[in-house]
Amino acid sequence: MPDLGKYADAVLSSYAVSLGLILALVVLSVARARRVRTALEEVEARVKKHG
Amino acid sequence: MSSIWEYANPKKFIATTNRLLPWVTGLAVVLMAVGLVWGFFFTPDDFRQGSTVKIIYIHVPAAMMAINTWAMMLVTSLVWIVRRHHVSALAARAAAPIGAVMTVIALATGAIWGQPMWGTWWEWDPRLTSFLILFLFYLGYIALWSAIEEDDTAADLTSILCLVGSVFAILSRYAVNFWNQGLHQGSSVLRAGALMGDTEERVSNVFATPLFISMAGFVMLFIALVFLRTQTEIRARRMRALLARERMQ
């Protein structure tokens, strides 16, 4: 860990906030992608079944 | 010779992006990891700004992507208006939350950086203010898509909002040059003089190399997320169409 001196709080909080937001964006995007894909497969199967 | 308009076909778009997605994602992870680890652990403190200079590896790429995401949305919105390709409108919709997050990161890291350097978290400076307005445009754009049920109407109205918001995206980029006042410094990363060796206001190579790697990583992350999220929007649109057809029977 580098010595960040008196600005350690500023630097570390910048990285924490940014990486947290990026991670949240990625997780939410992947989760929605999976949810929508599964839901579409179900609807397509139902539509196929009922003609 | 294949044309770019082939990718307006949703199936072709999904098939192509599915092939590219693992590579783009891998590149994003590697470039971001190298850029951020190099910048955070292996660069010296700045003689004026101390260790806060390490915030540059997140702040600058995020600010760059905040503006460029809107630019991409502008292009895809124009494609929708002119050629009525659904994939293009859905790509703009998919990109908006990414741009909003990048704008929040730029604003938050700017405030955290500004407090020790300028002595204030916030100043109604031209660049900061235009970035805040750009963020509000992102929120308005996302809200407008959610508020309108009919997809084509939503795409039309959000495209017009995107055109209007582009004024603020341009202002966010060039506000410092237009007004030449306020606390925020002028561009020193991609200035023509900086690239040609003018050392007056140039970011030193010690900081510039990991910064450029981090910027490339953010671009790759953006592309990967746009691919994934556009696929999701295409599927969601197809599902809405199938459910509507089912209700009519």
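**Stop 1: the helix of chain A**

Select H1(A) and colour its buried residues. They pack against H2 and H3 of chain B. The buried residues are Ala10(A), Val11(A), Ser14(A), Ser18(A) and Ile22(A). This is a predicted model, with an ipTM of 0.94 and a pTM of 0.91.

Now show the whole of H1(A). The helix has 42 residues. From its first C-alpha to its last it reaches 61 Å, close to the 62 Å expected at 1.5 Å a residue.

Next, pick Asp9(A). Asp9(A) sits in helix H1 of chain A. Is Asp9(A) buried or exposed? Asp9(A) counts as exposed, because it has 12 C-beta neighbours inside 10 Å.

**Stop 2: all of chain A**

Select chain A. The chain has 1 helix and 0 strands. Its radius of gyration is 21 Å, well over the 10 Å that the globule rule gives for 51 residues, so chain A is more spread out than a compact globule. The C-alpha trace spans about 70 × 15 × 5 Å. Of the 51 residues in chain A, 12% are buried.

**Stop 3: where the chains meet**

Show both chains and select the contact between them. Chain A gives 23 residues and chain B gives 30 residues. Colour the chain A side by class. That side has 15 nonpolar, 5 polar and 3 charged residues.

**Stop 4: chain B as a whole**

Chain B has 7 helices and 0 strands. From the N terminus on, the elements run α-α-α-α-α-α-α. Buried residues make up 41% of its 249 residues.

Then colour by confidence. The average pLDDT of chain B is 89, and 88% of the residues score at least 70.

**Stop 5: the largest nonpolar core**

Select the largest nonpolar core, which has 68 residues. Which residues touch the most other members? They are Ala62(B), Ala66(B) and Leu134(B). Helix H1 of chain A supplies at least two residues of this core, and so does each of H1, H2, H3, H4, H5 and H7 of chain B. The largest share, 17 residues, comes from H3(B).

Zoom in on Ala66(B). What does Ala66(B) touch, not counting residues up to four places away in sequence? The list is Gly99(B), Met102(B), Thr103(B), Ala106(B), Phe131(B) and Leu134(B).

**Stop 6: along H2 of chain B**

Select residues 56–83 of chain B. This is helix H2, with 28 residues. From first C-alpha to last it reaches 40 Å, close to the 40 Å expected at 1.5 Å a residue.

Pick Asn68(B) in this helix. Asn68(B) is partly exposed, because 18 other C-beta atoms lie within 10 Å. Asn68(B) and Phe222(B) are 154 residues apart in sequence, yet their C-alpha atoms are 10.0 Å apart in space.

**Stop 7: the loop after H2**

Step just past H2(B) to Arg84(B). Arg84(B) lies in the loop between H2 and H3 of chain B. Check its backbone angles. Phi is near 60°, a positive value in a residue other than glycine. Most residues other than glycine have a negative phi. Arg84(B) counts as partly exposed, because it has 13 C-beta neighbours inside 10 Å.

**Stop 8: Ala28 in H1 of chain B**

Finish in helix H1 of chain B, residues 10–42, at Ala28(B). Is Ala28(B) buried or exposed? Ala28(B) is buried, because 21 other C-beta atoms lie within 10 Å.

Show what Ala28(B) touches, leaving out residues up to four places away in sequence. The partners are Gly217(B), Met220(B), Leu221(B) and Ala224(B). For a last distance, select Ile170(B) as well. Ala28(B) and Ile170(B) are 142 residues apart along the chain, and their C-alpha atoms are separated by 26 Å.

Terms used: Residues numbered from 1 in each chain as written. Chains lettered and ligands numbered in written order. Predicted model: local features only at pLDDT ≥ 70, side-chain atom pairs only at ≥ 80, totals over all residues. Contact = placed C-beta atoms within 7 Å. Nonpolar A, V, L, I, M, F, W, Y, C, P; charged D, E, K, R; others polar. pLDDT = per-residue confidence, 0-100. Helix = DSSP H or I, 4+ residues; strand = E, 2+ residues; numbered from the N terminus. Expected span 1.5 Å × (residues − 1). Buried ≥ 20, exposed ≤ 12 C-beta atoms within 10 Å, placed from the backbone. Core = buried A, V, L, I, M, F, W, Y, C linked by C-beta atoms within 7 Å. Rg over C-alpha atoms; globule rule 2.2 N^0.38 Å.
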